[in-house]
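Welcome! Please take a moment with the sequence and the structure shown below, and then we can walk through the model together.

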Amino acid sequence: MKFKADFKDSKAMSFFIGAAIILFLLNVFYTIDLNAMLIASLGLFISFALLNHLYETHMPKKLKIEIMDKEMRMYKGQEGKMRIKIVQEGLLPILEGRLTITARDNIRFDEEHNNGTRHHTMTSVRFTVMPRSSTVIEIPFVGHARGVSKIIGARMEIPRIFGFSTFELKQSGTVNHEIIVYPDRYATHNDQMATPPIQGSFQQKNALFNDPMLTTGTREYLPQDSMRDIHWKASARTGGLQTKRYEKTTKVTWMILINLQSDVSYMPPENIETIFEKIAFITSQAAENGIPYKIISNMVTFDNRSFFSLEEGSGARHYKRTLEALSRINTVTYTVPFERFLKHVRLHEEIPAHVIFTGKADAAIEAELSMFRAKGAHIFQLDTHGVAPFEAHGVRGVSV
Amino acid sequence: MNIKEKLEAFKKEVGKVMVGQEEIAELIFVSLLQRGHILFESVPGTGKTMLSKTVARAVGGTFKRIQFTPDILPSDITGLNIYNPKTQEFDLRIGPVDTNILLADEINRATPRTQSALLEVMGEKQVTIDGERISIEEPFIVLATQNPIESSQGNFDLPEAQLDRFLMKIDLGYPSREEEKMMLGLHGHTHPLDAVTPIFTKDEIVALQDELSGVEVNGTIQDYILDLIHSTREHEYVEIGVSPRGTLALVQAAKGVALLRGRDYVIPEDIKYIAPFVISHRLVLNIEGSTLTTPAIIAQEIIETLEVPVEYGVARNEV
């Protein structure tokens, strides 16, 4: 974290320096007799002013401030501690300094000060660092809302070592630190999808590939067959080379399509945060059951993917990426109408067995979803009631 | 040549290829003393394969390599019986596991079922092919490499039982700016690997193991190790903690560290130093833990928070 000094002379110091200059000028032009005590006092004040100036210019040079945990992850409502290490490598101490941190309000500091700005949280903490030593400040906070919180500003109020108020060091540049607040997991009913992955329970899609671990029988050897595929025992039994036949690989994947656009405006749907919480829940179920899934939303990105998407994956690591992706989705962003987005997905993505969409379905969306169904997908709708098979013509067109 | 001289010679050989990896060379040496298997994990391009080849060359003995791919089969690793139509008999062809040093490159690119083909040979130094048990000559050391599994495409997590068979997991990380500058000078016209010469014979590795048996682990240290292990099993974010095999591995690795530091007894510092490399890959986090933290962080947290035995209870004749 880099800081730059912001000096503001104290009024008392300015008064005394002004008085010293006036007395000096009077002495030059009118040769007045000054009281020895007054001269000594003024000299003392000027010395203090000079020493303070040296302190202000030299103290920050060897001061280092770093945030110890570059990245923190937490669920909404969980408590955490931001650890800030202040190292003074020089010989000038900081006595009773005050560090003020402002961050995005996805987190809330425990001892929060109101700075009058929306979407910000601010706190201050006092600290002392002696020469050539360091101190670690812990600032407790709680995860307040889904999203990514970053430090927006930091400033240090440092008392001048020879009195006369304080001076400030203000953060310059950005801080390489973020706190990811995951959405809460909102339990939802998804009985139809909670079936254990037994063959026949799900719609199976044959892949081009074989599963080399599952042999189903043998056939006559053909010249292009790999030697690894030869079934040696069957060859010995029949007297001619036999090649193994394998089971076709099968795949069951969920595709979750998030609608970030309300049906009445370009704003996000009213209950979008609840939807995120439900997605966090159903994906945790998928992760536990080893079901692969991918997530795409109609949020426009400016890379080659066109839309914000999470690649297909499964398991705990994928769930971690999912929660991070859900945290990073900004609901106030560029979006495209959901039916246009669905058309894009249909044309550019491999459509899996299960497609789950969020939000309301009007006639245009229903028409697009029917094209998904024609490709063999089962369509489910995720709304505030849970996940249910989607029926066309607004049977479950529940507002989100 | 005593063990310390061997270590220095080993570091020198590794240093011919890998700049600034002295600590890692020491860890590898500790692992070699146990004839333990090592898993190297780091982002692409940090020298995992190069380091493995350097170690293999410095150790001597026979060396084979398997480049793991998604379509590799268990029989490609262990071997198989091939029918010979001329003799009308089956000929046994043992796979690349029949070696002293086996480099399993990019091990997480094969499916878990294929990865599991290494379980028997790593644990018991033998393979079973069609019911026939074949012993593998000692020493048998697997040096495996894998990329951190950030992308799920084309990668498969190693099964827990497989991970447990690795004595250590070592993360290479990036070199510092100075080290990278030195590296630029090192990799000139000739390949630095050509300059690496063997410093062990395979018999020497077996003999070094005997020296470890003289290192003492007293009761207090044993309790400290058990406290550490049990803390991993009771952590809120851990689903499966360190196994008893992991406990033995930690003791053995700590003995190796003590020996390299010129002692015939283990002190808590030996355990604190080696534990992150021995236990972090043996921790299986629950789903909540895996979304919030990593096994390495949890291992470090446990090591740092656990009460260390006081000095008079550890080192003999010292208070």
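What follows is a short tour of chain B, from its domains to one of its sheets.

A note before we start: this is a predicted model, in which local features need pLDDT of at least 70 and side-chain atom pairs count only at pLDDT 80 or more, while totals for chains, interfaces and linings use all residues. Residues are numbered from 1 along each chain as its sequence is written, and chains are lettered from A and ligands numbered from 1 in the order in which they are written.

Chain B is assigned domain 1 (1-209) and domain 2 (214-319), with bounds that come from an automatic or database domain assignment. The C-alpha centres of domain 1 and domain 2 of chain B are 25 Å apart. Their contact involves 19 residues from domain 1 and 18 residues from domain 2 of chain B; residues are in contact if their C-beta atoms, placed from the backbone, lie within 7 Å. On the domain 1 side, helix H1 (3-15), helix H2 (22-33), helix H7 (160-164) and S9 of chain B each give two or more residues. Here helices (H or I, at least four residues) and strands (E, at least two) are DSSP runs, numbered from the N terminus.

Strand S9 also leads us to the sheet. Chain B has an open sheet of five strands in the order S2-S5-S8-S1-S9, with parallel pairing; two strands pair if DSSP finds at least two bridges between them. Its edge strands are S2 (63-67) and S9 (166-171) of chain B, each pairing on one side only. Strand S1 (residues 37-41) of chain B joins S9(B) in the parallel sense over five bridges, and B:His37 stands opposite B:Phe166 in S9(B).

Conventions. Contact = placed C-beta atoms within 7 Å.
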